[in-house]
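Here is a short briefing for a first look at this structure. Keep the view open while you read the points below.

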Amino acid sequence: MPSAKTNLTIKGFEEAVAKLANIADKKQMDRRINAAFKKAAEPVLEIAKSKAPKDTGALRDSIILNSKKLRNGNRSVRVGPKTGFVGDFAGTKEKGGAVSFSKPSKYAHLVEYGFTMRNGRKKRGKPFMRPAAARAGGQRFIDKAAKLLGKSFARLAKKKGVTIRSSTGGGKIV
């Protein structure tokens with residue numbers, strides 16, 4: 001299934017988090033980092049939803065944003081169709097329609113990249129995730145996340161009475 005998957009390393013992120021450990025407990029830090037990452041990825045979500053084909057709307061409605069800390073300590077932000085999402089059924093047996101439930105996560109990659117039908121004809125893809133990642137992901141995401149994290153932790157430090165110097169100029173992709 002297509003999702004805006006890119007591995008990024010933010011230079012200085014781990015050091016900044018370690019320095020902030022004095023003013024925030026682990027849960028507070030995780031919540032603030034996840035919130036900043038989600039907010040920074042919202043433009044990707046909006047663009048993907050606007051570019052998704054609107055035949056039934058199920059694919060567009062299934063596109064979600066998820067941010068979490070992985071077991072290995074890395075952070076993950078995912079924009080893409082929600083697995084397990086079931087769209088509305090098409091028609092009813094009483095009205096002569098076939099009852100079929102759509103699971104966009106099962107066909108999103110076909111919409112994104114296209115496919116060859118059984119009769120050999122090719123169906124051209126309608127990209128919606130790749131343009132979203134290109135327009136709002138990568139360095140734009142990092143800059144926005146760094147700015148949001150700087151503001152969030154500055155507010156927390158002020159609340160705790162701690163003075164910190166922050167540079168919210170953004171990070172760099174390594």
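**Helix crossing and overview**

α2 passes α5 in a right-handed crossing. A crossing is right-handed if the near helix is turned clockwise from the far one by less than a right angle, and left-handed if anticlockwise. This is a predicted model: local features need pLDDT of at least 70, side-chain atom pairs count only at pLDDT 80 or more, and totals for chains, interfaces and linings use all residues. Residues are numbered from 1 along each chain as its sequence is written, and side-chain values use heavy atoms, with hydrogens and water left out.

**Overall make-up**

- The protein has six helices and four strands. Helices (H or I, at least four residues) and strands (E, at least two) are DSSP runs, numbered from the N terminus.
- Along the sequence the pattern reads α-α-α-β-β-α-β-β-α-α.
- Of the 174 residues, 32% count as buried. Buried means under 20% relative accessible area, exposed over 50%, and partly exposed in between (1.4 Å probe, protein chains only).
- Take the contacts between residues at least 6 apart in sequence: 59% of them join residues at least 24 apart. Contact means heavy atoms within 4.5 Å.

**How α2 meets α5**

- Two packed helices are described by the angle between their axes and the distance between the axes.
- For α2 and α5 the angle is about 145°, and the axes are 8 Å apart. Axes are lines fitted to C-alpha atoms, for helices over the stretch in contact, and angles run from 0 to 180 degrees between N-to-C directions.
- On the α2 side, the residues that meet α5 are Pro43, Val44, Ile47, Ala48 and Lys51.
- Their partners in α5 include Met129, Ala132 and Ala136.

- Met129, Ala132 and Ala136 are the buried residues of α5 (residues 129-136). They cover an arc of only 65° around the axis, which puts them on the same side of α5. The arc is that of the directions from the helix axis to the C-beta atoms.
- Ala134 and Arg135 are exposed on the other side of α5.
- The buried residues of α5 pack against α2 (26-51), β2 (75-81), α4 (104-113) and α6 (139-160).
- Just after α5, glycine 138 takes a positive phi of about 60°.

**One aromatic pair**

- The whole structure holds one aromatic pair. Phenylalanine 37 and phenylalanine 141 form it edge-to-face, 5.6 Å centre to centre with 65° between the planes.
- Rings of Phe, Tyr and Trp (its six-membered ring) pair if their centres lie within 6.5 Å; planes under 30 degrees apart count as stacked, over 60 as edge-to-face and the rest as tilted.
- Phenylalanine 37 lies in helix α2 and phenylalanine 141 in helix α6, so the pair ties together parts 104 residues apart in sequence.
- Both phenylalanine 37 and phenylalanine 141 are buried.
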